[in-house]
Amino acid sequence: MRHFTNVNDLGDLKVALHEAFEIKKDRFKFVELGRNKTLLMIFFNSSLRTRLSTQKAAMNLGMNVMVLDINQGAWKLETERGVIMDGDKSEHILEAIPVMGSYCDIIGVRSFARFESKQDDYNELILNQFIKYSGRPVFSMEAATRHPLQSFADLITIEEYKKTERPKVVLTWAPHPRPLPQAVPNSFAEWMNATDYEFVITHPKGYELAPEFVSNARVEYDQMKALEGADFVYAKSWAVYNDKNYGKVQNKDRAWTVDAEHMAVTNNAYFMHCLPVRRNMIVTDDVIEGPQSIVIPEAANREISAQVVLKRILEGIQ
Ligand SMILES: CCC[C@H](NC(=O)CCC(=O)O)C(=O)O
Ligand SMILES: NC(=O)OP(=O)(O)O
């Protein structure tokens with residue numbers, strides 16, 4: 001595997017899951033694979049889980065790791081071509097990327113949707129420039145439209161906890177004070193649609209995700225109806241995708257906040273969230289602290305998903 005940006009890059013998911021459970025049994029088994037290889041992790045946005053779990057995964061494989069927060073310490077980067085750089089940006093991304101590529105063997109990039117240009121976001125302008133100009137294998141640590149390391153960890157977690165072969169998984173929108181990217185829900189939908197699970201998406205009218213991610217999932221505007229009999233409830237907020245209000249918050253209705261009443265109509269479902277989570281906006285304290293909440297093991301599986309991806313990329317550059 002050269003680059004990792006979406007579910008298709010991993011190939012057969014059953015094989016990838018087998019690799020994940022093997023690594024989970026002995027995460028230091030491949031400690032020689034990454035010897036004298038350097039991972040550079042580049043963050044245009046904040047992170048806790050991705051930052052720590054991906055470094056840990058790289059260290060499990062014997063790699064050296066460098067981390068760069070673009071907006072703290074590096075020069076502010078101009079990302080548009082043809083701009084006269086007489087403002088507050090000292091360096092152009094088209095120099096910075098090949099320079100960064102010269103110092104490492106593999107690059108991880110976090111660059112959220114900016115909600116300035118839907119076209120730039122959904123063409124993955126920043127991530128694709130790293131792929132085009134760095135000369136290195138590149139993997140997404142959440143880009144504008146997907147968060148594949150998170151979704152792979154989510155799938156590993158559901159496989160670990162499911163009580164039936166084809167669980168009912170419900171992705172529910174929840175209110176948030178800020179406009180959040182569609183990357184996590186897009187990616188979760190993409191990975192759930194790649195399984196044979198029963199998959200339902202529920203959100204208020206006007207919060208439809210891009211059709212290419214919804215694919216053949218059932219969309220239900222009545223949240224309680226969607227949650228009936230669910231085995232897994234995956235909560236996440238996202239901003240409007242449609243052209244008219246792209247990147248906006250148009251609903252803050254806390255009737256969508258996942259509470260005990262919502263969980264009561266499920267099949268004693270597990271509660272999942274990628275974190276960080278705004279308590280009592282997305283989910284109540286009682287639910288996220290309750291016995292069916294698996295957000296911590298879900299976060300712990302980020303080390304495993306990152307290690308499978310790094311292992312596959314390292315095997316391609318030996
Ligand atoms: C893994 C999730 C990263 C990001 N989350 C946020 O930006 C939350 C920020 C906040 O709650 O203020 C998102 O929704 O895509
Ligand atoms: N879930 C996730 O990616 O968390 P961070 O944004 O803290 O990395």
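Modeller: E142 is buried, at 7% relative accessible area (buried is under 20%, exposed over 50%, partly exposed in between, with a 1.4 Å probe and protein chains only). This is a predicted model, where local features need pLDDT of at least 70, side-chain atom pairs count only at pLDDT 80 or more, and totals for chains, interfaces and linings use all residues. Residues are numbered from 1 along each chain as its sequence is written, chains are lettered from A and ligands numbered from 1 in the order written, and side-chain values use heavy atoms, without hydrogens and water.

Biologist: What does E142 touch?

Modeller: Leaving out residues up to four places away in sequence, E142 touches V109, R110, S111, F112, H147, P181, A183 and V184. Contact means heavy atoms within 4.5 Å.

Biologist: And K236, buried or exposed?

Modeller: K236 is buried, at 8% relative accessibility. Its contacts, with the sequence neighbours up to four places away not counted, include W173, H273 and C274.

Biologist: Which residues does the UniProt "binding site" annotation cover?

Modeller: That unreviewed entry lists E142, H176, K236 and R278. UniProt positions are in the numbering used here, feature names are shortened, and annotations may be inferred rather than shown by experiment.

Biologist: Different topic. How many residues are in the largest nonpolar core?

Modeller: There are 55, and F139, F152, F199 and L310 have the most contacts inside it. Such a core is a set of buried Ala, Val, Leu, Ile, Met, Phe, Trp, Tyr and Cys residues joined through side-chain atoms within 4.5 Å.

Biologist: Why does this core lie between domain 1 and domain 2?

Modeller: Because domain 1 (7-146 + 302-317) and domain 2 (150-298) both give residues to this core. The bounds come from an automatic or database domain assignment.
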